[in-house]
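I opened a notebook page for this structure. These are my entries, in the order I looked things up.

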Amino acid sequence: MFIYPIYVLAPLALAAFIALLSGILDRKSRLIKYIALAAVVASFAIACGIIAQGSGIYALHWFSFGGITFNITVSTFLLNKILLFLVGLIGIAIFIYSIGYMDEPENQNRYYFEMLIFTLAMMLFAISANFISLFIAWELLGITSYLLIGFWYAKAKVSEAARAAITTILIGDISMLAAIVLFFNLYHTFNFYTLLGMAASPLAVFPLTFLLIAVFTKSAQFPFSNWLQLAMEGPTPVSAFLHSSTMVKAGVFLLILLLPLFVQSHMLWILLAVGLITVVFGAMNALSENHIKKILAYSTIEDLGLMIVALGLNAVYAALALFIVQAFYKALLFLSSGYVMKANHDREDIHRISVNSRLVSFSMLAAALSLAGLFPLSGFFGKTAIGIAARPDLLVYVVLLGIDVLSTLYIFRWFFVLKKNKKESMTARFSKFPMKLGIGIVLALLIISSFAMYFAVNYMSSLRINYIGNINDIAIETVLILAGIAATWLFYRKKQIKALLAREKNPNIAGKILYNNVFVWSAYLIVAEIIAAIAKAVFYFDIAFNKFTYILGRLALLTGDALRAFENGEVNAYIAVFAAGLVFLIIFFIIKL
Amino acid sequence: MIAGIYTLVQEIAKNSIAISLAVPAIAILLIAVTKEKFSRAIGLASTGIVLAISLFLLAYLYIGHGIAINASIPFISSLNINFEMGINPISFTLFMMSSIVLFTTSLAGNVHRTRHKATQFLIVLFQLASTGLFLSLNLFIFFIFWDIGVIAMFFFINSLGSESRKEAAMKFLIYEILASSLLLFGILMIYFYTPVHSFNINTIIANAYLIPAVEQTIIFALLFIAFIINMPVFPFHLWLPDAHTEAPTQGSMLLSGVLTKFGGFGVILLFEMLPISKTFGNYIAALAVISAFYSVLVLMRQDDIKRVIAYSTITEMAIVLFGISEFSNFGLYGGVYAMLSHGLLIAMLFLAAGSIEVIFNTRNIHILKGIVKNARIVAYSMLAGIFIMLGLPLSSAFIADLLIFIGAISAFGVAGLAPLLALLLVGAFLYFIISKSFMSTGRYTRAIGSIGIEQKLAFAVLLIFIFIFGTFPFIMLGIFKI
């Protein structure tokens, strides 16, 4: 039996509709979480069916106008299958975790409606093969992530965080629309694969620039990276999903798909430059942050930057390797931090949170090691692949090695500080089992993916894809990581911690520059202020213009008043004017004669 | 049996114009003579019947019957003025939009739940005007219905509005009467300068090239100014925000939803009629871009939700004008689709703004806090409206944007993307309002009123139609047959 790829959306759409309906009817449904989970599982099953069958491209006719057909085209090539599989797998873990996490009965319908639409949008994105289906998925992703980030709208900071996210996303959406119409005008097609087959046009720089802006906003690259760390105000399963396999990965995925276009137009250097800046900013900020989730957010920014760097080096497979393995360790990090936050009454500062669940501790350690890139774990393969790609370019290689050490530092700072805290009795009561189950699934996935990466090495080398390098790479990587871990251990486990904390609270100039992207933030403010100043000027012009029209009206009234003097009801005056007019007329006729 | 049904369908289609004019005319009389408690039912019946007819026509035209629905009655034979009405794709789209907006306006009624008789009377009067205007094939008839619409809207503001309604109504009337007089003057010039002396639009389209260039330019200037006063476009936009501030909710819905489309429809007619208008295409596009940016920048300093939405109307109508000025099928039909989308959308936004006023007794964004807590449905409708305004896929606005900007690139190159930046600014400010007044941190404005089921239903109807036209765009575009 043949399964059309679009069917993968059906269970999600159905469940979302149920959630919407029960939300409108104000039902406090207890079942909706299970319905949502069932829908995701069903979707994943269908996705597996699609993955099992051959690849192809399928156009769904939407409408046609002016001789142009607007299709919703989907494809099931290897890339699509990889992303579909990732979204489905992580999605199941996240929805199981949500059962425990989201225990407010009044918000269930809203949460699951938004989550289901979010998943649906990501699944559609995974299989989209033309700009129409891409744009539908792209906008739905942006909007649902806005709604999810602003989920607890009554909490402090949430509204600002959601606004930062949606404003950045809006820039991306508008740029995407611009890119789509420009591409269409240039190549007369919406289809990616037709587009990739066409000869490059020198004018392709315009749409590609807009496309890059869209990708950078979605994937939180410099200078649009700020929204991602603010977005940590949202529920943790959302963060886990958003950072691991959806939303922010969408931008990178699109770049992987359309990279040949950038190669043709010689625009890779932009990717490399932006990626490197982002990587440095992300790693530095992660080191100076104290919010348990924001450290991870900066780390995501760094990971995405690394992928962009890899793409800038035209190493698609390196980017793809990190793309896949990052999903598991980042999801695991977020899910475990959500668990410990919940257990510590939603505290956010790493210095005030303690961990005392053995499974969660182990997951955190495994994910941290994988993020740092220790040899047998999956993160290693992603980082090494990028390192190998960067080796011809010494500067980039050195920067990346430095970043390797930095990422070890920040993630083990995170881990050690959390572990160091005294084990308070975790008094918060919540249903632990579903959350632990979700964490366990992702932990298993992390380990399985490590083995898979390890055992696939030979197969991949036959395809001339090398993500393991030689023994030197393994040695360099391992030594750097162990040195990083040792340094972190010394700094954060021993006596120096108080001095370090004091220094973190009062950063020096270098710290200030790096912390929270001060420059970027002030650049945003300057742009906003310029627009506000122009708006103010135009606003006062509008008022003055309004006054001016009133003056025109006043003039008409004055003219009326002046003329009214002639109509004062005095018969004598009328006769005088009449006589004057008569005389004037007679004179006129005489002259004319 | 089946043959009988088929004949019935044919008969209804043939007489659809007569029915959709006769129904509001009868309803006007009925509302005038019956008691107040029947007014709502009569208004709802009148708008509902016309909505049903327009849906029926939509199906009828989509299935493939060509557009040959015309009606002609001699009116003043000595001057060759006939009561000519007809349906073409563009007029039908706007007719469809206006009948949906009118139905929901009548359904929502007066959100303050008073003065039903005056409200419904004016809604039905306005229905007569808009139906007649969009379906007219004769400039004389067009003018008559134009003025009926203006008068109905004047009374909406003047007798149902808020505090300083008299001033706003007078301002509205002065601008619109200026537009009407220019319109009348232009129409008469067309009549006298075309060799055949006709008011019939099709005849004029066929013969307008015979008008000398200078006269064509004068006629163009007269009519264009008349229409952009109504649209409104900078520098003739000043009446709109004031009129909206003072107008009652249902008046605002009709004002931005339908009345501003009179101007848009007029511009389309003008461009079809006078061949010389093509030479002004670039200037008109520039004016539209200026208008879009101007209104966005003024919008960013407003405190009143209704004024914000009013200025966003100017932005959107500027984008419509931008589309029309491309002189291509994409731009033209994109503009028409944008008017369809914008009419439904803006009616929903004004209904939301009016509901906010009823619930919280203020519309000031600096006072309102946490609307979503106490007025859930209103807040989500508003949010959905904002998403749609910014081109949410599967909503009608996306189709409109796509068509307009595909056309814009081929007409103006990369510069054709300029209005997108204005749209971006609108979005940024609207999201600011959402975060400031709708979400907020722990403080909530107290609700002192509530809205009824009928307003909620009106939200639902508008949203459903927006998504129908966005998800199944082939229905409307199939009728265009492009």
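Helices (H or I, at least four residues) and strands (E, at least two) are DSSP runs, numbered from the N terminus.

I noted the source next. This is a predicted model, in which local features need pLDDT of at least 70, side-chain atom pairs count only at pLDDT 80 or more, and totals for chains, interfaces and linings use all residues. Residues are numbered from 1 along each chain as its sequence is written, while chains are lettered from A and ligands numbered from 1 in the order in which they are written.

**Chain B overall.** I found 20 helices and 2 strands in chain B. Its C-alpha trace spans about 70 × 55 × 45 Å along the principal axes. I looked up the radius of gyration, taken over C-alpha atoms; the globule rule is 2.2 Å times the number of residues to the power 0.38. For 482 residues a compact globule would come near 23 Å, and the 21 Å of chain B agrees. Buried residues make up 61% of the 482.

I then turned to contacts (two residues whose C-beta atoms, placed from the backbone, lie within 7 Å). Among contacts in chain B between residues at least 6 apart in sequence, 78% join residues at least 24 apart.

**Helix 10 of chain B.** Why is helix 10 of chain B largely enclosed? I checked residues 239-246: 8 of the 8 are buried, so the rest of the structure largely encloses this helix. The buried residues include B:Trp239, B:Pro241 and B:His244. Their cover includes helix 6 (139-160), helix 7 (165-193), helix 11 (249-273) and helix 13 (305-324) of chain B.

**Helix pairs.** I took axes as lines fitted to C-alpha atoms, for helices over the stretch in contact, with angles from 0 to 180 degrees between N-to-C directions. Under 35 degrees counts as roughly parallel, over 145 as roughly antiparallel, 65 to 115 as roughly perpendicular and the rest as oblique. For residue classes, Ala, Val, Leu, Ile, Met, Phe, Trp, Tyr, Cys and Pro count as nonpolar, Asp, Glu, Lys and Arg as charged, and the others, Gly among them, as polar.

Helix 5 (residues 116-135) and helix 6 of chain B pack at about 160°, with axes 8 Å apart. That makes helix 5 of chain B roughly antiparallel to helix 6 of chain B. Residues in the contact include B:Leu122 and B:Phe126 of helix 5, and B:Phe145 and B:Gly149 of helix 6. I read 17 nonpolar, 5 polar and no charged residues there.

Helix 4 (residues 89-108) and helix 14 of chain B pack at about 10°, with axes 9 Å apart. They are therefore roughly parallel. Among the residues that meet are B:Met97 of helix 4 and B:Leu340 of helix 14. This contact has 12 nonpolar, 5 polar and no charged residues.

**Where the chains touch.** How many residues of chain B are in contact with chain A? I read 41, against 37 residues of chain A. Elements giving two or more residues to this side of chain B include helix 12 (281-299) and helix 17 (396-412). Helix 18 of chain B gives the largest share, 9 residues. This side of chain B divides into 29 nonpolar, 9 polar and 3 charged residues.

Terms used: Buried ≥ 20, exposed ≤ 12 C-beta atoms within 10 Å, placed from the backbone.
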